[in-house]
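Trainee: I would like to go through some backbone details, one at a time. Please show the sequence and the structure before we start.

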Amino acid sequence: MKSTDVELERLRIRREARRAELAAASGGAKDREGRALCLSGGGYRAALFHLGGLLRLHETGVLAGLGMVSSVSGGSIVSAWLACRYLDTRRDEHESFAAWSDRIDFRAAVVEPFRAVVARDLRTWPVLATAAHNWLWPSHRIALLDRGYQRMFGERHLDELPETPSFVFCATDLTFGVNWEFSRRRVGDYLAGYLREGAQRVRLSCAVAASSSFPPVFGPVRFEAAPGDYQRGNYQGDDADELRARIELSDGGVYDNLATEPTLRRYREVLVSDAGGPFVFESKRWWLQHLMRYTQVMSNQAEALRKRLFFGQAQSGSMIGVYWGLTSHRDEGADGYSPALVTEVIGQIRTDLDRFLDVEFEVLLNHGYFACADALGQDNGWVSRTATPPAWPYPQRANESQVRRWLRRSHARVLHRRWWGTT
């Protein structure tokens, strides 16, 4: 075992021991407070599924009480959009997020303008323009992705985000193998450390690009900071400066696709919106397919462990957890789409940053809305008795036979009717 491995293992052991001591001293969840929302990865598909959930959270008043929004990849796109819409449409700089949420027409201010966002193809041009040299210089493709996000979110920086809720965009630190956070409060991770000068140096578009740089389509983001720019980093090995000088960041879903890492030990109430698709049972024949399958199995296992941690804490009473997923079980006859349609059609929709059609926008938003409504329920204290009962956001997309026909090619990444602008 290398000295680096030994040092990291010691740090992990000390960290877990300290957490156990703190939990025992505090009596479990007594010191936890506040409410957090976690938005998983999954490209535009995830962003639209989460947007439907956000619409229902707004109707029930749950959205106004959030203390944190933690996100990865596609979840970071819609999270950044929510933050920007708040900043752009609040009455003045003193209007809180809660007051803004209580006042606005969420569908008109947040949902419908997002239709134009997912109508932009952020994938194809960067991939084609850099196909010949991306394996050597992945930074060029990442720069094109960052530029696309700048068109969405402008030149806004992290220090312009609201204090409450705290918007946290998660990436994966490939150098140290841990969760990296971009937020108003801090930028960095517990091993590398956190930037001394805070978040004002980092654009929101850069944070979202790092959070959504899903491999192998987009290579890692090289985070430009000198070793002396970090503070409070736990790793103090002889090669610490060398490692901190070469921090590379990848999609946050590589480490934690549920985006729960910043929330589970801090918040009393944690809501998770999971847009991950089902793990498909299949046999592979070719060596490249086998290579990809290894990655899929490892990713599936990592996500399964995250779910066990979340549900384990919820069952133990350490926190109150609410979970809804793209393909999670729902009873036959529940409001929304049937389990068969969800499994066979909606769960197969592609997860990339190519443009989405209006029908895909509306079906995914419908599904996210009812998945969230079902998870919140009506009699468990989450939803006030005066809240609006759930209703189809887009009732014209409720007919399942038509949805099957409309989405029959939505799983395809190439040769799709969206390339010709058909809606």
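Trainee: Does R232 count as buried or exposed?
Mentor: This is a predicted model, and the answer rests on a computed accessibility. R232 sits in the loop between β8 (230–231) and α10 (240–244). Exposed means over 50% relative accessible area. The relative accessibility of R232 is 55%, so R232 counts as exposed.

Trainee: Does A259 count as buried or exposed?
Mentor: A259 is also not a glycine and has a positive phi of about 60 degrees. Its place is the loop between α11 (253–256) and β10 (269–274). Buried means under 20% relative accessible area. With a relative accessibility of 0%, A259 counts as buried.

Trainee: Is the peptide bond from T164 to P165 cis or trans?
Mentor: Most peptide bonds are trans. P165 belongs to the loop between α8 (138–153) and β3 (166–173). For the bond from T164 to P165, omega is near -5 degrees, and the bond is cis.

Trainee: Where is P216 found?
Mentor: The peptide bond from P215 to P216 is cis, and its omega is near 0 degrees. On either side of the loop that holds P216 are a helix and a strand. P216 is found in the loop between α9 (204–211) and β7 (221–222).

Note on methods:
Residues numbered from 1 in each chain as written. Predicted model: local features only at pLDDT ≥ 70, side-chain atom pairs only at ≥ 80, totals over all residues. Heavy atoms only, no water. Helix = DSSP H or I, 4+ residues; strand = E, 2+ residues; numbered from the N terminus. Buried < 20%, exposed > 50% of the residue type's maximum accessible area, 1.4 Å probe, protein only.
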